[in-house]
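Colleague: I'd like to learn how to read a few features off a model. Could you walk me through them?

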Amino acid sequence: MSTHPSSRRASGPAADTTSARVIKKYPNRRLYDTTTSTYITLAEIKQLVMASEPVVVRDAKSGEDLTRSILLQIILEEEAAGVPMFSEAVLANLIRFYGHAMQGYMGTFLESQMQMFTDWQSRMGDQSQGLTAEKWGQFMQWQSPMLQNMLASMLNPSTAVMGQIQEKMQQQMQKNTEQMLGVLGLKS
């Protein structure tokens with residue numbers, strides 16, 4: 001398992017190669033599924049992800065964890081192929097968080113919001129198993145404004161929440177500074 005923070009955070013449970021399906025990426029850009037001993041496509045990796053199967057993609061030569069780049073490549077293809085999920089404004093805002101003091105917290109925030117939405121979606125799916133696709137579509141069409149408001153409130157945290165996050169960041173920075181000064185013998 002990689003100890004690099006970005007691969008650990010991005011891959012999450014998929015970074016645990018003991019339970020994840022390992023895909024090797026060769027220099028010729030081909031992907032090899034070590035579980036089935038066959039070559040695999042990005043579309044097939046997408047299907048594994050859709051089925052919630054943990055997947056780790058490793059460089060065949062170096063063993064470097066390439067999972068994040070493969071997942072980003074799948075997202076890029078999905079965004080280019082059909083109706084995009086991310087508007088230009090959302091993408092621009094994501095870019096703006098790189099290098100910002102809030103960068104470390106943004107990933108955690110987005111991950112928790114996505115998990116909350118996934119849980120909600122799962123509960124809705126469990127409760128609506130008797131619905132036909134047509135009835136489900138009518139229900140979702142009726143719910144659209146409500147869902148839009150819910151998503152907007154989830155993605156636009158209140159000023160109070162942002163204030164709390166900033167306060168926690170400041171406390172953590174102060175603690176880190178005090179520890180560093182203590183190590184250097186400069187703390188009084």
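Colleague: Let's start with Tyr32: how is its accessibility classed, and why?

Modeller: This is a predicted model, and in it Tyr32 has a relative accessibility of 22%. Buried means under 20% and exposed over 50%, so Tyr32 counts as partly exposed.

Colleague: And which aromatic pair does Tyr32 form with Tyr39?

Modeller: General idea to begin with: you describe a pair of aromatic rings by how far apart the centres are and by the angle of the planes. For Tyr32 and Tyr39, that's 5.3 Å centre to centre and 70° between the planes, an edge-to-face pair.

Colleague: How many aromatic pairs turn up in the whole structure?

Modeller: The search finds 2. Besides the pair of Tyr32 and Tyr39, there's Tyr26 with Tyr32: the ring centres are 6.4 Å apart and the planes sit at 75°. Planes over 60 degrees apart count as edge-to-face, so that label goes to Tyr26 and Tyr32.

Colleague: What do Tyr26, Tyr32 and Tyr39 form together?

Modeller: One aromatic cluster. As for accessibility, Tyr26 is partly exposed at 30%, and Tyr39 is partly exposed too, with a relative accessible area of 42%.

Colleague: What lies over the face of Tyr39?

Modeller: Arg30 does, at 3.8 Å from the ring centre.

Colleague: Now helices. How do I read the packing of H2 and H3?

Modeller: Two packed helices are described by the angle between their axes and the distance between those axes. Here H2 covers residues 42–50 and H3 covers residues 67–81; the angle is about 100° and the axes are 10 Å apart. Angles of 65 to 115 degrees count as roughly perpendicular, so H2 and H3 are roughly perpendicular to each other.

Colleague: Which residues make that contact?

Modeller: From H2 you have Leu42, Ile45, Lys46 and Val49, while H3 brings Ile70, Leu71, Gln73, Ile74, Glu77 and Glu78. Sorted by class, the contact of H2 with H3 has 6 nonpolar, 3 charged and 1 polar residues.

Colleague: Zooming out, what pattern does the protein chain follow along the sequence?

Modeller: The chain has 7 helices and 4 strands, and they run α-β-β-β-α-β-α-α-α-α-α.

Colleague: And what share of the residues counts as buried?

Modeller: 19% of the 188 residues in the protein chain.

Definitions and conventions:
Residues numbered from 1 in each chain as written. Predicted model: local features only at pLDDT ≥ 70, side-chain atom pairs only at ≥ 80, totals over all residues. Heavy atoms only, no water. Axes fitted to C-alpha atoms, helices over the stretch in contact; angles between N-to-C directions. Helix = DSSP H or I, 4+ residues; strand = E, 2+ residues; numbered from the N terminus. Parallel < 35°, antiparallel > 145°, perpendicular 65-115°, else oblique. Contact = heavy atoms within 4.5 Å. Nonpolar A, V, L, I, M, F, W, Y, C, P; charged D, E, K, R; others polar. Phe/Tyr/Trp six-rings, centres within 6.5 Å; stacked < 30°, edge-to-face > 60°. Buried < 20%, exposed > 50% of the residue type's maximum accessible area, 1.4 Å probe, protein only. Lys NZ or Arg CZ within 6 Å of the ring centre and 35° of its normal.
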